[in-house]
Amino acid sequence: MASHIVGYPRMGPKRELKFALESFWDGKSSAEDLKKVAADLRSSIWKQMADVGIKYIPSNTFSYYDQVLDTTAMLGAVPPRYGWNGGEIGFDVYFSMARGNASVPAMEMTKWFDTNYHYIVPELGPDVKFSYASHKAVDEYKEAKALGVDTFPVLIGPVSYLLLSKPAKGVDKSFSLLSLLPKILPIYKEVVTELKGAGASWIQFDEPLLIMDLDAQKLQAFTEAYSELESTLSGVNVVVETYFADVTPEAYKTLASLKGVTGYGSLLADKLVVSTSCSLLHTAVDLANETKLDAELKSWLAFAAQKIVEVNALAKALAGQKDEVHAFFSANAAAQASRKSSPRVTNEGVQKAAAALKGSDHRRATNVSARLDAQQKKLNLPILPTTTIGSFPQTVELRRVRREYKANKISEEEYVNSIKEEIRKVVKLQEELDIDVLVHGEPERNDMVEYFGEQLSGFAFTVNGWVQSYGSRCVKPPIIYGDVSRPKPMTVFWSSTAQSMTSRPMKGMLTGPVTILNWSFVRNDQPRHETCYQIALAIKDEVEDLEKAGINVIQIDEAALREGLPLRKSEHEFYLKWAVHSFRITNVGVQDTTQIHTHMCYSNFNDIIHSIIDMDADVITIENSRSDEKLLSVFREGVKYGAGIGPGVYDIHSPRIPSTEEIADRIRKMLAVLESNILWVNPDCGLKTRKYSEVQPALSNMVAAAKQLRQEL
Ligand code: GLN
Ligand code: ZN
């Protein structure tokens, strides 16, 4: 019984790689400086695993940006627009593909399975000339070997690579990505031959696509690929690794019969190994650097550095060396026991309230059309009402105020006054722009999940618990360790302060339970949906307090509802059921006259439209700037449903200011499909990352366009 690690975080315990990359990109340090930081990180990771006693230590899991992009480089599949003319791919071409350069935009990025990691999508077509253009896998193997660590190189397998790609622009619709298999396998052969020559005795091919719902033709591609590689793979142990879910029975048959492959998953040759279930890339790096978490809470957690110790201890125990790890196991048992019995984890009241939800449905009593009528009597809005999604620009000054308040450098009074001033400014601007439903601008929030997590019990925050999101970007998710409750109102003060500054309706602004859940590390001692119901009850309290405080419009953002969708279709229904139920729980208690909005940051939800409708919100605002066509069917469903719909009329991700005509045109197109009485006019998403010099004219044009259309109707 031996230990095996699928992959390890690259960023470093204190995000050393991030800072080295950004300094290099800014021209503040040299390529050599960057390479040195990277080499030091790799070496410390390998040594750390060797010291712990891990038997199968991975290499080539480091990346300057992304492992899929590394594979694109390995295969020489550089899109022509980057002007690469052969030879080993260097930083210039590599980072241009990742981030774009002065004249060419970056390649597209998309989510890596159900994680918050994003990979660079390869762009392939029938004319791509593949060549062996990055020797990184071999170089890293040799580098580790020189340090005295014999690693197993990890490659993204050929079939997963192709299935993760997209056809390049302009490529014929009939083109099949898998048709490129015969063209990329020769490169894989070259790499394997070189690795063998360098002394590698194990090679891991990551084929995570095997856990998806695959048709027979795709499964066949795996069989063909490994049959073709078989002769080259002889003389080396080959492991095909899958992760993020179990493989389907059909895929298992394929996997178990692959030629040239000696092991898969936790079965290496005929030996079972103890392994991580996926790469540790998706977890934080080292708990040792958490200075603000107390010892008890820390004893309940394991980051990557701790997980490798656990894997090793399990392997030892299973290999019969129990005595060696006895102390480790007792400490772990004590930690588990303390967690189980801790009042910090269990809150009887919350458990009871959440349990009481089971089996019952929660829906507002009146249907949406009747509710909208009741709300309209109160709100008296024009047709095509205008609004925004919540945040206004976060200036340097604003960030400073928040930072200094957190660090106790300014008093609470000073802080409150500054935020009030900011709100006053935002309210005044919106009144001048003649927007119908106002927002307070969210100046008190750093992040839409963190802000709520910090005020809810059951959440903890780390100092260094960063997880790579893409490139040099990392996120620091809150940790949900206990039952969630809301000790006191979280947003009522700011929302009612803002409402007191205007006679127009002020939207209360909350983050929904599913989004809070999906953007946190969630406790593993109860099902996710139970944790979600608890958060829903906390948000419900807040919704009702806002209503009591005179807030008549409340937006509950569910930006991340779609991204929590499980990888396998068979699991969609269950997820959507509890996710949507959680959302409804938050607002089931309000009066008909209270208008509930929700906002979602994506538009490709054709497949889950029934669930979106089932959320039973009064108004749904969605991102729309990039994919009008796809939304049409969603709109049609919406018409039947009767709720208000606000498809974004301009893209907030770009600094470009849309003209009145352009926005009016957009609205006209929407009106061709939608009834005018349900259409709202709003930007795509929050304005937090924009400048006032962009926001002011853009919103002014948006309002002008809405007014123009009202005339035309
Ligand atoms: N209300 C949030 C904001 O405007 C919504 C952000 C989001 O959808 N990601 O910033
Ligand atoms: Zn959004």
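Predicted model: local features only at pLDDT ≥ 70, side-chain atom pairs only at ≥ 80, totals over all residues.
Local features are given at pLDDT of at least 70 and side-chain atom pairs at pLDDT 80 or more, while totals for chains, interfaces and linings use all residues. Residues are numbered from 1 along each chain as its sequence is written.

A nonpolar core is a set of buried Ala, Val, Leu, Ile, Met, Phe, Trp, Tyr and Cys residues joined through C-beta atoms within 7 Å. Buried means 20 or more other C-beta atoms within 10 Å of the residue's own, exposed 12 or fewer, and partly exposed in between, with C-beta atoms placed from the backbone. The largest core has 94 residues, and Ile5, Met97, Val191, Leu195, Ile203 and Ala304 have the most contacts inside it. Its largest share, six residues, comes from helix 8 (residues 216–233). Another core, of 87 residues, lies apart from it and includes Ile435, Ile480, Ile551 and Ile585.

Helices (H or I, at least four residues) and strands (E, at least two) are DSSP runs numbered from the N terminus. Strands pair if DSSP finds at least two bridges between them. An open sheet of three strands has the order 13-16-18 and mixed pairing.

| Edge strand | Residues |
|---|---|
| Strand 13 | 457–460 |
| Strand 18 | 521–522 |

Strand 13 runs antiparallel to strand 16 (residues 479–485), joined to it by three bridges. Ser457 stands opposite Ser485 in strand 16.

Asp270 lies in the loop between strand 11 (267–268) and strand 12 (271–275). Asp270 is exposed because 7 other C-beta atoms lie within 10 Å. Its C-alpha atom is separated by 67 Å from that of Ala664, 394 residues apart along the chain.

Methods:
Chains lettered and ligands numbered in written order.
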